[in-house]
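Here is a short note to read alongside the model. The points below go from aromatic pairs to sheets, cores and confidence.

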Amino acid sequence: MKLSKEEVKHIAMLSRLELKEEEVEKFQTQLSEILDFVEKLNELDTEGIDPKFQIIPPQNVLREDVSGVSLSREKTFMNAPETDEEYFIVPKVVKK
Amino acid sequence: MEFEAVIGLEVHAQLLTETKIFCSCKNEFGAPPNTNVCPVCLGMPGSLPVLNKKAVEYAVKAALALNCKINRYSVFARKHYFYPDLPKAYQITQYELPFAENGWIEIEKPDGTKKKIRIKRIHMEEDAGKTIHGEGLDPNSYVDLNRAGTPLIEIVSEPDISTPEEARLYMQKLRDILVWIGVNDGNLEEGSLRCDANVSIRPKGSDKLGTRTEIKNVNSFRFIQKALEYEIERQIKVVRSGGEVVQETRLFDSQRGITKTMRTKEEAEDYRYFPEPDLPPLIIDDEWLESIKASLPELPDQVKERFIRDYGITSYDADILVRDRALARFFEEAAKNYSGEAKKVANIIISDLLGALNEEKLEISESPVEPLHVAQLLELVDKEVISLRVAKEEIIPEMVKSGKEPRAIVEEKGLVQISDESALKEIIKKVLENNEKAVKQYREGNDKQKQKAVKFLIGQVMKETRGKANPKLLNQLIPQVLEEV
């Protein structure tokens, strides 16, 4: 299954990636190959088999509603490119 | 051509759990920015979500109160989009298999007609953080992730709503029910309850659906109605002038009272939903469902019916009393302790107690007045120890201020009703001397004028005695004294 250039650009936009024209072509080939590989799964006959979302047997994993320890601001902001000690600072995003 | 609107609402309600939906950070409004955060809600690689049991219970409780069918097996999904207040770049929500479907609520319009609004589905999801945009030339936006991971339910209605007023009533009814069962605080200003509206128009009587627009984030009851009124009017104008409504998302500008384009269909989001691999499907078995059902209180509509049936109060009064669960409880306890007619209890609570509490900026749940005291107060009136007027004007405000029993206040302030005939006659005589005009009217007038004069004089005696005179006795004594003098 060959992806179109437009599809590659759309996927890049959704991932907020800026691609050069030659990269579009490169990923067009690579992504198409991945799709072809996954396409193999469709060769299996799954008629009459319910979709499964997990491989482990279904059972609930829940926690009680009891508060635990949150991070210190120091740790919270440790990897943040920019903060004012209270907020994460990002380039202005006007609400779409 | 006449047009009609077709409206569906998506309401997001925050659940009142102690902690977030997938981690043990506190779920609280107003904490200092970025203090209730941890690797899970910050979206750190390697961290894993674990579902909060209480959040499920509150969600199911809400779904039951909204007459939904509970799906015993539901699945979480990832919804992908980029925004700085969504650290993982996906929101954990439910998509193909929500935990609840096919519910309804009934709204009552001002003319008394009722209408059922169907609920298509309810799903559980996590809230995003909050972004504050720098003002003016400030090139930054500021992100607070305290809210990220707050448990939400999204309640999606069927397009059964036909007018902006119905939309407002539906939203108010939802709020009343969610607050009543204790899963949401009903605070629209703080964003505990938020609404998106889908709306389209079509020629009246047609069964086809027109192209719809979505109005985002309308956060007050008044604005829901206003935004929809504007948007319906706008769509009608577009169609009447030969144009076509464009499918798009619009924002309501509350200051100008208009909606404006936010994004069109071409720019529509592509959320790439897929099942969340980090969470197992949610199973709600019989035992769990039954225990949640057992925790569900009697609902406002049921209580209203019962109040009308068992206590003989009016539908109007019952409506007011079931607005607030604490108020309904208060009324019922007072009515149970009172030997007279319960509608007197409803009346004094609604027309006097609530106002007096409001004066002191108190909610009924914080009332220093006990329900029993209201019953005692009415008994004092029935036994003619005090007049109703004194009860309403003097004692209720004092009960609210001091929390004392009515009898104590009556004694302290010397408010016992004057039922002593000779004492009353003395007062009446004095009042007659000062109101010659009314006396003349009584003597010279016809029956109607006589009645009027007596009524006026009763008012004067009441004034003189600060409401303490026994009104029944006055009715007999005033004409008597007038004839004697």
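1. Aromatic pairs. Searching the whole structure, over all chains, gives ten aromatic pairs. Rings of Phe, Tyr and Trp (its six-membered ring) pair if their centres lie within 6.5 Å; planes under 30 degrees apart are stacked, over 60 edge-to-face, and the rest tilted. This is a predicted model, where local features need pLDDT of at least 70, side-chain atom pairs count only at pLDDT 80 or more, and totals for chains, interfaces and linings use all residues. Residues are numbered from 1 along each chain as its sequence is written, chains are lettered from A and ligands numbered from 1 in the order in which they are written, and side-chain values use heavy atoms, with hydrogens and water left out.

2. Which two elements does the pair of Tyr87(A) and Tyr142(B) link? Tyr87(A) sits in the loop between helix H3 (73-76) and strand S2 (88-91) of chain A, and Tyr142(B) in strand S10 (residues 140-144) of chain B. Helices (H or I, at least four residues) and strands (E, at least two) are DSSP runs, numbered from the N terminus. The ring centres of Tyr87(A) and Tyr142(B) are 6.1 Å apart with planes at 75°, so the pair is edge-to-face. Tyr87(A) is buried at 17% relative accessible area. Tyr142(B) is buried too, at 16%. Buried means under 20% relative accessible area, exposed over 50%, and partly exposed in between (1.4 Å probe, protein chains only).

3. The strand that receives it. Is S10(B) enclosed or open? Five of its five residues are buried, so S10(B) is largely enclosed by the rest of the structure. Asn140(B), Tyr142(B) and Asp144(B) point one way from the strand, while Ser141(B) and Val143(B) point the other way. S2(A) runs antiparallel to S10(B), joined by four bridges. Two strands pair if DSSP finds at least two bridges between them. Ile89(A) has Tyr142(B) as its bridge partner in S10(B).

4. The hairpin. S10(B) also pairs with strand S9 (residues 130-133) of chain B, antiparallel, over four bridges. Lys130(B) stands opposite Asp144(B). Six residues lie between the strands of this hairpin, and Gly136(B) there takes a positive phi near 55°.

5. A tyrosine cluster. Tyr81(B), Tyr95(B), Tyr271(B) and Tyr273(B) form one aromatic cluster. Tyr95(B) and Tyr273(B) are stacked, at 3.6 Å centre to centre and 5° between the planes. Tyr95(B) lies in the loop between strand S6 (90-94) and strand S7 (100-108) of chain B, and Tyr273(B) in the loop between strand S15 (258-264) and strand S16 (274-275) of chain B, so the pair ties together parts 178 residues apart in sequence. Tyr95(B) is partly exposed at 37%. Tyr273(B) is partly exposed at 27%.

6. Lysines over rings. Lys79(B) lies over the face of Tyr271(B), 4.3 Å from the ring centre. The charged end of Lys450(B) sits over the ring of Tyr442(B), at 5.0 Å from its centre. The test is NZ of Lys or CZ of Arg within 6 Å of the ring centre and within 35 degrees of the ring normal. Lys79(B) also has a bridge partner in S6(B), Gln91(B).

7. Two open sheets. One has three strands in the order S6-S5-S16 (chain B), with antiparallel pairing. Its edge strands are S6 and S16 of chain B. Five bridges join strand S5 (residues 76-80) of chain B to S6(B). Another has nine strands, ordered S3-S7-S8-S11-S1-S12-S13-S14-S15 (chain B), with mixed pairing. Strand S3 (69-70) and S15 of chain B each have a single partner strand, so one side of each is left without a neighbour in the sheet.

8. Cores. The largest nonpolar core has 125 residues, and Tyr170(B) and Phe331(B) have the most contacts inside it. A second, separate core of 21 residues includes Val454(B) and Met462(B). A nonpolar core is a set of buried Ala, Val, Leu, Ile, Met, Phe, Trp, Tyr and Cys residues joined through side-chain atoms within 4.5 Å.

9. Confidence. Chain A has a mean pLDDT of 89, with 97% of its residues at 70 or more. pLDDT is the predictor's confidence in each residue, from 0 to 100.
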